[in-house]
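Take a moment with the fold before reading on.

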Amino acid sequence: MKDVSKLQAALSGLCPRCRKGKIFKKPFYSPKGFDEMYEHCPHCGLRYEVEPGYFIGAMYVSYAISGGVALVIGFMLFYLGGDPDGWVYAAVVAPVMLLIAPVNFRISRVIWLHYVAGIKYVKGL
């Protein structure tokens, strides 16, 4: 069986240690239950939340993603929309932030687990 790269595992929402078990219970595109995570990896048994409040750091990742998306939307409105009034920015950015919230939640936790938490890949698990 071919090894899965770190990027492929992160994009697929797989465990950072074995790169085989899923992190979330529901599919990525599922709007309901987007926050339901396995407590342990179904394949290797890695406990995802190693201590209470472990994913608080993922909020900073989420904030960066949201800020980046809002910035891109703001630039697009400024340059393509002819710098509309302030309420237009708010009326466009706020709903987009609500729509991407489930995806942002998942992506930020996966990035936290794979790239920040320091969990090492164990080949052959």
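What follows covers the overall shape, the surface and then helix α2.

This is a predicted model, in which local features need pLDDT of at least 70, side-chain atom pairs count only at pLDDT 80 or more, and totals for chains, interfaces and linings use all residues. Residues are numbered from 1 along each chain as its sequence is written, and side-chain values use heavy atoms, with hydrogens and water left out.

The protein chain has three helices and zero strands (DSSP runs: H or I of at least four residues for helices, E of at least two for strands, numbered from the N terminus). The radius of gyration is 17 Å, well over the 14 Å of the globule rule for 125 residues, so the chain is more spread out than a compact globule. That radius is taken over C-alpha atoms, and the rule is 2.2 Å times the number of residues to the power 0.38. Along the principal axes, the C-alpha atoms fill a box of roughly 55 × 30 × 25 Å.

Of the 125 residues, 33% are buried, meaning under 20% relative accessible area with a 1.4 Å probe, protein chains only.

Now turn to α2, residues 56-80. Its 25 residues should span 36 Å at 1.5 Å a residue, and the end C-alpha atoms are 36 Å apart, which agrees. The expected span is 1.5 Å times one less than the number of residues. Which residues of α2 are buried? They are G57, A58, V61, S62, S66, I73, G74 and L77. An α-helix has 3.6 residues a turn, so residues three or four places apart point the same way. The cover over the buried residues of α2 includes α3 (86-116). After α2 comes G82, with a positive phi near 70 degrees.

Notes:
Buried < 20%, exposed > 50% of the residue type's maximum accessible area, 1.4 Å probe, protein only. Contact = heavy atoms within 4.5 Å.
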